[in-house]
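Colleague: Before I look at this one, could you take me through its side-chain contacts, one question at a time?

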Amino acid sequence: MDDCSRIDVVGVAMPFALVRDGEQICGEGVRRRLPLAVRELGTNVVRDFLAAGEPGDPAIVVGALPFDRDRPAHLYQPCRFGRARTAPWAEPSPAPCAGDAVLSAMPHPQIYAAGVASALAAIAGSAHEACPLRKVVLARSLVVSAAGGFDLAAVIRRLARDRAVTIFRVPLDTGMLIGATPELLVEKTGGTVVSWPLAGSACRRADPAADAAAARALLASDKDRREHAAVVEAIADGLAPFCRRLDVPSVPSPVATATMWHLGSRIAGELKDPEVSSLELAARLHPTPAVCGEPRERAAALIRELEPFDRGFYAGAIGWTDARGDGRWYVTLRCAEFTGCTARLYAGAGIVPGSDPGEETRETRAKFGALLAALGVAVVDDV
Ligand SMILES: C=C(O[C@H]1C=CC=C(C(=O)O)[C@@H]1O)C(=O)O
């Protein structure tokens, strides 16, 4: 493994990068691809794939899982891989984007709000069925076009000012996926596994007293607690067969990013088999009700019906797994795909009985905030 401490991960040298708290994980080049669909990423897939490679190549798989479990994952063995504990963000970040950016919401916020109302009707209509729809996460997207393009290194440096999130950059075949996710899908190290789901949100406030009150109100919100509980239950159910012991908090805690409060629950377990692959665990858990809904297939069908765009890699997972199965996968949130002079941003909100279409639309607007600020674009009320 290379020491990437002297490599500027936001430069072009190591295009795949995950950065949190000064720890960088980065990869350069594509040695071999692992083009399986998410649902095919089962036991021993990574171990067998790496065993068939050339000796001396990095014993690691990195990349991104799409939202759709039936689609091919973007997974590969890089030519070089590095890991280091340094903070490469010392220099001040210049304004990343020309001020002439044009914003185009897809769908329009009013259409999104109407979609939330339709989702609420579908949830209510299924209430007396044997297996009712309990939750669906509806997303929308925002295309930002800038004639002069984007300075992606500056975007990353700006995102990295928030120490509570993990910054990622994944080179895709179609562009560059960049974001700042607050949510850990799964981390596996030896015999231990951790997942830290988030669901239930409130905007941060500038005034400290108002901000603390917003966190208290979120913790006390029955609607947000139900939204959160659906995710915790699904993850606990997904991990239980792999664990000899699993600790699931009975109440969530507030988790803060620079722009949002969330309800979070740190779920930790002891694995029956320490060789199990973190990619297999990620593929089993994905998509959780933090990004899809409950029950999964039914929520995914409603998402296909109501969302007028393709999620692609948004609401998927990004991360890495090594030959021992150790690795870390994050939920692909607060992100954009950059292609030429456009950036497509995504944001979603969990819908449960009691959700309000206007509130959920405002929540998605606030979730665009981190990326828009990093692009140097002001959040305006009609997006
Ligand atoms: C789907 C997103 O957020 C998820 C993660 C945290 C809180 C969420 C919520 O409160 O709705 C979402 O489940 C997104 O940011 O696009």
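Colleague: Let's start with Asp68: what is its relative accessibility?

Modeller: Quick ground rules: this is a predicted model, so local features need pLDDT of at least 70 and side-chain atom pairs count only at pLDDT 80 or more, while totals for chains, interfaces and linings use all residues. Residues are numbered from 1 along each chain as its sequence is written, and side-chain values use heavy atoms, with hydrogens and water left out. Buried means under 20% relative accessible area, exposed means over 50%, and partly exposed is in between (1.4 Å probe, protein chains only). Asp68 counts as partly exposed, since its relative accessibility is 28%.

Colleague: Which residue meets Asp68 in a salt bridge?

Modeller: A salt bridge here needs a side-chain nitrogen of Lys or Arg within 4 Å of a carboxyl oxygen of Asp or Glu. The bridge to Asp68 comes in at 3.9 Å, N to O. The partner is partly exposed at 34% relative accessible area, and its name is Arg71.

Colleague: How many salt bridges are there in the whole structure?

Modeller: As a rule, side chains of opposite charge can pair when their charged atoms come close. Searching the whole structure turns up a total of 26.

Colleague: How many residues apart in sequence are Glu270 and Arg244?

Modeller: Their closest N and O atoms are 3.4 Å apart, which makes a salt bridge. Strands (E, at least two residues) and helices (H or I, at least four) are DSSP runs, numbered from the N terminus. Glu270 is partly exposed at 31%, whereas Arg244 is exposed at 55%. Glu270 sits in strand β17 (residues 267-271) and Arg244 in strand β14 (residues 243-247), so the pair ties together parts whose separation in residues is 26.

Colleague: Is Glu23 buried or exposed?

Modeller: Glu23 bridges to Arg83, with 3.4 Å between the closest N and O atoms. Arg83 is in strand β6 and Glu23 in strand β2 (residues 23-28), so the contact joins parts 60 residues apart in sequence. Arg83 is partly exposed at 32%. At 12% relative accessibility, Glu23 is buried.

Colleague: On to rings: what is the angle between the planes of Phe81 and Trp320?

Modeller: Rings of Phe, Tyr and Trp (its six-membered ring) pair if their centres lie within 6.5 Å; planes under 30 degrees apart count as stacked, over 60 as edge-to-face, the rest as tilted. By that rule there are four aromatic pairs. Phe81 and Trp320 make a tilted one, 6.5 Å centre to centre, with an angle of 45°.
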